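User: Please go through this structure with me as a set of questions and answers. I would like the cut-offs stated along the way.

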Amino acid sequence: MTDNKKSFFHGILIILLFALAAFYIGELDFVKALSFSPMIVGILLGMAYANTLRSNLPADFGPGIQFCSKRILRIGIILYGFRLTLQDVTEVGVAAIIVDAIMVVCTIFGGVMIGKLLKLDREISILTSVGASICGAAAVLGAESALRVKPYKTAVAVSTVVIFGTISMFLYPVLYRNGIFELSPEVMGIFTGASVHEVAHVVGAGNAMGESVGSVAIIVKMIRVMMLVPVLLVISYTIARKGSEGGEKGKINTPWFAILFLVVIVLNSFIHLPKEVIDGINTFDTFLLTMAMTALGAETSFDKFKKAGMKPFVLALVLFCWLIVGGYLICKYLIPVLM
């Protein structure tokens, strides 16, 4: 084996070890209490590595780390489809689907427009908006793969998702229990699933408000996840027309991993694999996504966060307020009309 290949596999091995550590830490009680998935732990470990040890290790490890943040990421997104079925869509009805669509479209377009007003980097605006509108870190990763941007921009977007998604997870149950959110359990479930960032955060918030809220919230959230496919196709087409960072203007980078993600959902809807098999696939998929997140973190130094500045967090804060206020008003006044 040549030295280059050894360094390549050494880079993968480092990320693999960090991902194993992230899985172990993710099982700790206080981490579970925060509903931090191994993916979030992974990116934090990767960033810790980037800002401490990495400068002392060979630069040749870079290709292996990039392989994890690109190739393994796409495999993880494809396998994510085993968490979803078309039957999930029919369970919550048309009203929930319409609310999801409104929230996704308004959040993405609104986020991009606000990013322009803030004179924020276009790729960071898109990543932040997609992460807030669909499914947090997993959506950011999907958009990153379609946009092909620098890793630190992805890390910035993911950090906003973690911060405001975590706030949402604790805030929603408090406001619901104190009567600030005057919604029935079913509508509260739709609101939670349509507006909270991460899947893990939806699970945490939903369970804190009761099973009747949590079960609906999770299904509505997974429908949002399905919307990742058309969003990525639109992003790829738009970037092809306007030109992307380091890309060729006029060339459409078809996100085949997104198409395969949808194919897996369809297959999972009609080929009923044993629960143990699905659980095993989902665990393996989470591990792959954890490796990808760790690799992205490993390519992100604090200097790059300083370069991005506070504007991404201002954008994320505005979107956070929109998701709460706009989502609540839509659910309170539109759903009774649709149901």
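Analyst: Helices (H or I, at least four residues) and strands (E, at least two) are runs assigned by DSSP and numbered from the N terminus. This is a predicted model, in which local features need pLDDT of at least 70 and side-chain atom pairs count only at pLDDT 80 or more, while totals for chains, interfaces and linings use all residues. Residues are numbered from 1 along each chain as its sequence is written, and side-chain values use heavy atoms, with hydrogens and water left out.

User: Which helix holds V216, and is V216 buried or exposed?
Analyst: Buried means under 20% relative accessible area, exposed over 50%, and partly exposed in between (1.4 Å probe, protein chains only). V216 has a relative accessible area of 15%. The helix is α11 (residues 211-226), and V216 is buried.

User: Leaving aside neighbours within four places in sequence, what is V216 in contact with?
Analyst: Contact means heavy atoms within 4.5 Å. With those neighbours left aside, the partners of V216 are V92, E186, G189 and I190.

User: What span should helix α4 have, and what is the distance between its end C-alpha atoms?
Analyst: The expected span of a helix is 1.5 Å times one less than its number of residues. Helix α4 (residues 62-79) has 18 residues, so it should span 26 Å. That agrees with the distance between its end C-alpha atoms, 25 Å.

User: Where does α4 bend, and by how much?
Analyst: The bend at a residue is the angle between axes fitted to the seven residues ending there and the seven starting there. In α4 the bend is at L73, a residue that is itself buried. Its value is about 35°.

User: How many residues of α14 are buried?
Analyst: Helix α14 covers residues 275-298 and reaches 34 Å from its first C-alpha to its last, close to the 34 Å expected. It is mostly covered, and the count of buried residues is 17 of 24.

User: What geometry does the aromatic pair of F181 and F191 have?
Analyst: Rings of Phe, Tyr and Trp (its six-membered ring) pair if their centres lie within 6.5 Å; planes under 30 degrees apart count as stacked, over 60 as edge-to-face and the rest as tilted. The whole structure has 10 aromatic pairs. For F181 and F191, the centres are 5.0 Å apart and the planes at 90°, which is edge-to-face.

User: Why does this pair tie together separate parts of the chain?
Analyst: F181 lies in the loop between α8 and α9 (185-195), whereas F191 is in helix α9.
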